[in-house]
Amino acid sequence: MTSYFLFSKKGRSYTNIYLGLLLMALVIRIGKSVFFHFDSGLNENYILIGLLACVAIGPMCFYFTKSQITGQKSFDPKSLLHLTPMVLLAAYAIFYESYGENRYFWSLKIVRGIYYYWALYLLYSIYLLIKQKFIIKKSFPEEYWTYGVVLGVFLIWLAYFTSSFTSYLTGSITFSFLVYLLAWLLITNRKQIVASKKSKAEIKLMPQAEIDRLREKIKATIMEDELYKDPDLKMPALAKMVGLTSHQFSAFINEQLGQNFAQLVNSFRVEIAKDLLRRQQHLTVEAIGFDCGFNSPSTFHTTFKKATGQTPAAYRDQASDL
């Protein structure tokens, strides 16, 4: 499975090399756990390899998340610097004190430290996702796939971190859950891609009369129901109102109108704002922006200027001089 993700063309369309490295580290770590459970006298070299692999899980999870969000999926050599603790631990075990020589110290101090190191990168990965979702408020390709991977890694970390209170095999069971979760996300994502391609093909073959009808229906729905006033208006809701699926609606505005959803709605908001700026002189520019559905004065200012080449205040001043 890991080699499929690393070297398959289809695999690379859904993920990147960091997920392959992450899965390999997890496989080594989980494999050590299974062998150790059934053979407590397992050779200490195998135990050490499992612990060293554990050090790589956090950094690879972080770089996977970062590359998914930014879209830069090529391997960054600087990421290897984050594996420095792994090299230092290997040197410590080889030249100073091995796992077998002082199991108590390794289990109590070093292993716990490894889990804290893993947790540090995991928290940073979660922070990146929260920042992208709730602060930047911008989606990215394979978004839910990425959520699934980070969630799975978190569950595995939790299983191992609490292994003193639960079964040591909990991590292995959790890993199996992660594999099934990723498979489900992969299949779901694939179905969405197929549906999107099918919708685009249908839209391209749509007669001009139907295109004109849908264009007018979208305009009427947004304007007559004053949907532009809702700053939280979502594409699925509007698509349902005009009788299209989300994929069909997205394909229509992309292919036939040359816009994305935000551009479409904002174009109506700007037209309403222009009218209010001319007629409602008693209202402040900020009030007009909020009335038209913009969630902040800065967003209104930026969007309006991009559409008209003028700020809302400058547009009002020019209109009052005519």
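Among contacts in the protein chain between residues at least 6 apart in sequence, what percentage join residues at least 24 apart? The figure is 67%, where contact means heavy atoms within 4.5 Å.

This is a predicted model, in which local features need pLDDT of at least 70, side-chain atom pairs count only at pLDDT 80 or more, and totals for chains, interfaces and linings use all residues. Residues are numbered from 1 along each chain as its sequence is written, and side-chain values use heavy atoms, with hydrogens and water left out.

The protein chain has 15 helices and zero strands. Both are DSSP runs numbered from the N terminus: helices are H or I with at least four residues, strands E with at least two. Of the 322 residues, 42% are buried. Buried means under 20% relative accessible area, exposed over 50%, and partly exposed in between, with a 1.4 Å probe and protein chains only. The accessible surface of the chain is about 17900 Å². Carbon and sulfur atoms hold 62% of that surface. Accessible areas come from the Shrake-Rupley method with a 1.4 Å probe; for residues, only the protein chains shown count as cover.

Start inside, at Leu22. Leu22 sits in helix H3 (residues 17-38). Its relative accessibility is 0%, so Leu22 counts as buried. Leaving out residues up to four places away in sequence, Leu22 touches Ile57, Met60, Cys61, Val149 and Val153. Take Met60: 38 residues separate Leu22 from Met60 in sequence, yet their C-alpha atoms are 5.4 Å apart.

Next, the helix pairs. The axes of H5 (residues 84-95) and H6 come within 12 Å and cross at roughly 170°. H5 is therefore roughly antiparallel to H6. Angles under 35 degrees count as roughly parallel, over 145 as roughly antiparallel, 65 to 115 as roughly perpendicular and the rest as oblique. Axes are lines fitted to C-alpha atoms, for helices over the stretch in contact, and angles run from 0 to 180 degrees between N-to-C directions. From H5, Pro85, Leu89, Tyr92 and Ala93 meet Phe105, Trp106, Ile110, Ile114 and Tyr117 of H6.

H12 (residues 261-279) and H14 (residues 297-308) pack at about 90°, their axes 10 Å apart. H12 is therefore roughly perpendicular to H14. Asn266, Val270, Ala273, Lys274 and Leu277 of H12 make the contact with Phe300, Thr303, Phe304, Ala307 and Thr308 of H14.

Finish on the outside. Ile135 lies in H6 (residues 103-135). Ile135 counts as exposed because its relative accessibility is 60%.
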